[in-house]
Amino acid sequence: MVGLGKLFSIFLQIGAFTLGGGYAMLAMVEQAIVEKHKFMDKDDFWDLIAVVQTLPGVFAINTALYVGYKLRGKSGALVASLGAALPSFVAILLIATFFAEIRDNSWVERIFKGIRPCVVALILVPAIRLLVGEGIKWKIIWIPLLAGFLIWYLKVSPVIIILITAILSLIYGFFTYKKIEK
Amino acid sequence: MVYLELLYVFFKIGLLGFGGGYAMISLIQFEVVDSFHWLTLQEFADILAISQMTPGPISINTATYVGYEVAGITGSVVATIALCLPSVMLMVLVMLFLFKNKENQWVQSLLKGLKPVMGGLILAAALLLMNKENFVDAGWGANNFSVIICAVSFIALYFFKINPMILITLAGICGAIIY
């Protein structure tokens, strides 16, 4: 059985060394949990991740919660998610206190003038990757484009878009489900 | 009551943030910049840049930062916990139902529908950030460096998979030299 302290330190390390968040951490978690310490076998791990991927919320926290729970129950979930969240919390808190002081410095201002357009590109890339995927699917390409247009141009809240999509998908699922049953 | 507002906003983001990371940006931006005016679009872009250079998920970084800006350290604790709370609550439900039935029809159709919309959410996040504050010298003149930086970064990441941290560092150096 995994010790709670061990679990905490594993996820603390993962939280501290995952840059860019999300999927980048998966390889590290697998390396630590499956390969190195053999707390879980490979199939169990990826089954778990398949479920976690579909959930809303912070991916890194969800992963920590489920892996922690699977290994040590409720206290495991608590300890692992705390470990995963702590490094970014502390790092940002330090920066927030520090950044407010230097933000108006002319050097910092100029540096960030250069960085901001770069950040836009960093977000544009995953958007285009998702839209294009393994080839543009012409039948459904209008869905993301419409959603993007509604939020960007008409200022519709993403909350409403997500809720409407969820309801429509469930209705669609309901009708196709009936067909399969018959 | 500002703590309750933080709790409400970040709980909502945690609950509706499907697709993780980038897909959550437009959701966070809508609440934090447009609805509650806790940050300007410029400050939000700065946090996104900082998030790329510090460990941890963008959503946690933003929650911690916004919480601190709005209500100090207590605020950052409240916002970060609020963000993670829906995950914890959902876990209880998932443990009860989902693990017994992974191929659940309802979950499958929900995900099938939400997946294409995520691309749109991310696209909107990028488009919303393309404004005068973030592209200071955009236009068709000779000095449209913002557009050039954005285009070069896009090509470098999309086609050559250059590390985002390197791109941000280079863009920062360009900014210091040009402006």
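Author: Read from the N terminus, the elements of chain B follow the order α-α-α-α-α-α-α. In this predicted model, chain B thus has 7 helices and 0 strands. Along the principal axes, its C-alpha atoms occupy a box of roughly 60 × 40 × 25 Å. Of the 179 residues in chain B, 53% are buried.

As to confidence, the mean pLDDT of chain B is 84, and 91% of the residues score at least 70. Where pLDDT is low, the predicted coordinates should not be read in detail. For the complex, the predictor reports an ipTM of 0.80 and a pTM of 0.80.

Two loop residues of chain B deserve attention for their backbone. Most residues other than glycine have a negative phi. B:His37, however, has a positive phi, near 50 degrees. B:His37 sits in the loop between helix 2 (21–35) and helix 3 (41–53) of chain B. B:His37 counts as exposed because it has 8 C-beta neighbours inside 10 Å, where the limit for an exposed residue is 12 or fewer. B:Lys161 is likewise not a glycine, and its phi is positive at about 50 degrees. The loop that holds B:Lys161 runs between helix 6 (145–158) and helix 7 (164–178) of chain B. With 9 C-beta neighbours inside 10 Å, B:Lys161 is therefore also classed as exposed.

There remains the meeting with the partner chain. In all, 89 residues of chain B are in contact with 76 residues of chain A. On the side of chain A that touches chain B, at least two residues each come from helix 1 (4–17), helix 4 (59–102), helix 5 (106–132), helix 6 (142–152) and helix 7 (158–181) of chain A. Helix 5 of chain A gives the largest share of that side, with 22 residues. By residue type, the side of chain A that touches chain B comprises 57 nonpolar, 16 polar and 3 charged residues. The domain assignment divides chain A into domain 1 (4–102) and domain 2 (139–182). Between the C-alpha centres of domain 1 of chain A and domain 2 of chain A, the distance is 31 Å.

Notes:
Residues numbered from 1 in each chain as written. Chains lettered and ligands numbered in written order. Predicted model: local features only at pLDDT ≥ 70, side-chain atom pairs only at ≥ 80, totals over all residues. Helix = DSSP H or I, 4+ residues; strand = E, 2+ residues; numbered from the N terminus. Buried ≥ 20, exposed ≤ 12 C-beta atoms within 10 Å, placed from the backbone. Contact = placed C-beta atoms within 7 Å. Nonpolar A, V, L, I, M, F, W, Y, C, P; charged D, E, K, R; others polar. pLDDT = per-residue confidence, 0-100. Domains from an automatic or database assignment.
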